[in-house]
Amino acid sequence: MLTFGPVPSRRLGRSLGINNIPPKICSYACVYCQLGKTYQMKIIPQTFYLPGQLYEQVQERVKRSREREEHIDYLTFVPDGEPTLDINLGEEIKLVKSLGIKVAVISNGSLLDRRKVMENLLEADLVSLKVDSVDEDVWKKINRPHKKLNLNTILNNMLKFGSVFKGKIITETMLVKGVN
């Protein structure tokens with residue numbers, strides 16, 4: 001299922017979720033992940049679904065929601081993995097924005113060092129970036145990142161992204177008792 005909802009969200013109101021990544025493909029293997037173990041650790045964006053296929057499913061879900069008079073505040077890329085691993089994310093955002101609903105992306109921000117990832121996220125109206133720690137050792141304990149990732153690089157690229165992004169940025173931090 002590439003779409004779900006709309007569901008209530010504390011941050012986003014009524015959100016229609018978009019799964020643009022197959023389950024548990026991520027650049028992190030967070031200790032608290034509600035989806036369980038990360039099956040594939042990746043840091044190279046690739047194609048998972050055709051943008052048109054994803055758009056058709058979102059369009060159909062939006063149509064059904066409108067028929068039921070269910071309001072949608074955001075179309076949210078919040079897959080069962082890291083959404084920026086989808087090389088077509090920017091194109092998909094443009095397609096779903098044509099439905100007249102704001103678009104949000106929930107990301108760990110770990111791939112912002114890639115120009116294409118940053119360009120893709122610039123298409124969104126709201127981007128949420130995960131910052132569970134700014135301490136390298138704590139970050140490694142909580143987020144268990146891909147071995148080629150570097151926390152300082154990620155944090156610096158978040159700041160760089162924030163300086164050029166015209167939409168709304170929020171951060172999320174998961175508090176883990178006794179760790180951060």
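Predicted model: local features only at pLDDT ≥ 70, side-chain atom pairs only at ≥ 80, totals over all residues.

Guide: A polar contact is a pair of N or O atoms within 3.5 Å; within protein, one of them must be able to donate a hydrogen and the other to accept it. Asp135 caps the N-terminal end of helix 4, with a side-chain oxygen placed 3.1 Å from the backbone nitrogen of Asp137.

Helix 4 itself covers residues 136-143, and its buried residues are Val138, Trp139, Ile142 and Asn143. Viewed down the axis of helix 4, these buried residues fall within an arc of 100 degrees, so they line one face of the helix. Their packing partners are strand 7 (126-130) and helix 5 (151-164). Asp137 and Lys141 are exposed, and they are carried on the face of helix 4 turned away from its buried side. After helix 4 comes Arg144, which has a positive phi, near 40 degrees.

As to confidence, the mean pLDDT of the protein chain is 94, and 100% of its residues reach 70 or more. Confidence is lowest in strand 1 (residues 3-9), at a mean of 91, and highest in strand 6 (residues 102-107), at 98.

Notes:
Residues numbered from 1 in each chain as written. Heavy atoms only, no water. Buried < 20%, exposed > 50% of the residue type's maximum accessible area, 1.4 Å probe, protein only. Helix = DSSP H or I, 4+ residues; strand = E, 2+ residues; numbered from the N terminus. Arc of directions from axis to C-beta. Contact = heavy atoms within 4.5 Å. pLDDT = per-residue confidence, 0-100.
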